[in-house]
Amino acid sequence: MKKLICLLLSLLTTIACVPAIAEQESKALVLYFDYSENIDTTGLDVDAISQASMAGTRTRDTSNLLVMVDVLKERTNADIYSLRVADLYAPDFGDMMGPAREQKENNEMLAFQEELPDFSRYDVIYLGTPVWWYGAPQSILTVLQQADFSGKKIVFFGIHRGSGFAGIPEEILSYQPDAVIVDRFTVECQTSNEETRSQFAAFLDLIAW
Ligand SMILES: Cc1cc2nc3c(=O)[nH]c(=O)nc-3n(C[C@H](O)[C@H](O)[C@H](O)COP(=O)(O)O)c2cc1C
């Protein structure tokens, strides 16, 4: 009898463990590109670096994209990968807007400072970026053209200065037709960090696949 109880208990424990193991195997990646992390700061003092932002008048202390990455760090077990281009951008918008546009117009394949992650390990990709020239920056487009996101769920999060999502969802699906954008979020870049944090947290609460 004792043996039978032990056997039943061990069977129940095994069954109870199955969903937990399955959940652990579903891996997520936060893949993002942020301008403030891709500035050539050679020769600049700290104040000049902190001024490098399109928003100009600062109603927030840090890039709202980084605020959202922070929320994802707090709320998910996702791995984090920040795209860092090998050829960094000028800190002054007047100097970097033109080259950023040319990269996009010429569809340049950009080099990165580090090897890209092995995307095959992930089921879900939280893809974050600002809108640049009515679509994604060329760093994101480079990845979209080199990676295979087939069958993956993409949760898009972005920042903009009036264009909303612009053409980004279409760009993603044109290069990754077999991925699914399960949900998307964007915030105007001058929204305060605090407001962005609470809106994005509420968005994550609502996501259900
Ligand atoms: C090269 C470049 C192009 C941009 N193009 C657009 C655009 O087409 N539409 C838009 O709403 N915002 C555009 N922006 C504004 C960015 O989306 C804005 O800088 C960002 O949301 C705020 O990020 P930051 O805090 O890193 O500056 C552009 C910014 C840069 C640098």
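How many bridges join β1 to β3? In this predicted model, the count is five, and the two strands run parallel. Within β3, G128 stands opposite Y32.

Five strands form an open sheet, in the order β2-β1-β3-β4-β5. The pairing is parallel. The edges are held by β2 (79-82) and β5. Each has a single partner strand, so one side of each is left without a neighbour in the sheet. Neighbouring strands are turned against each other by 15 degrees on average, direction ignored. In general, strands of a sheet pair through backbone hydrogen bonds, either parallel or antiparallel.

The chain as a whole contains seven helices and five strands. Read from the N terminus, its elements run α-β-α-α-β-α-β-α-β-α-β-α. The protein chain has 209 residues, and buried residues make up 27% of them. Among contacts between residues at least 6 apart in sequence, 86% join residues at least 24 apart.

The largest nonpolar core has 34 residues. I125 and I154 have the most contacts inside this core. Helices and strands both contribute. The strands that give two or more residues are β1 (28-32), β3 (124-130), β4 (153-160) and β5 (180-188). The helices that do so are α3 (64-75), α5 (138-146) and α6 (168-175). I125 touches L29, L31, F149, K152 and I154, leaving aside residues up to four places away in sequence.

Two packed helices are described by the angle between their axes and the distance between the axes. The axes of α5 and α6 come within 8 Å and cross at roughly 25 degrees. Angles under 35 degrees count as roughly parallel, so α5 is roughly parallel to α6. The crossing is right-handed. On the α5 side, L141, L144 and Q145 make the contact. On the α6 side, the contact is made by E171, I172 and Y175.

Methods
Residues numbered from 1 in each chain as written. Predicted model: local features only at pLDDT ≥ 70, side-chain atom pairs only at ≥ 80, totals over all residues. Core = buried A, V, L, I, M, F, W, Y, C linked by C-beta atoms within 7 Å. Buried ≥ 20, exposed ≤ 12 C-beta atoms within 10 Å, placed from the backbone. Helix = DSSP H or I, 4+ residues; strand = E, 2+ residues; numbered from the N terminus. Contact = placed C-beta atoms within 7 Å. Pairing = 2+ DSSP bridges. Axes fitted to C-alpha atoms, helices over the stretch in contact; angles between N-to-C directions. Parallel < 35°, antiparallel > 145°, perpendicular 65-115°, else oblique. Left-handed = near helix turned anticlockwise from the far one by under 90°.
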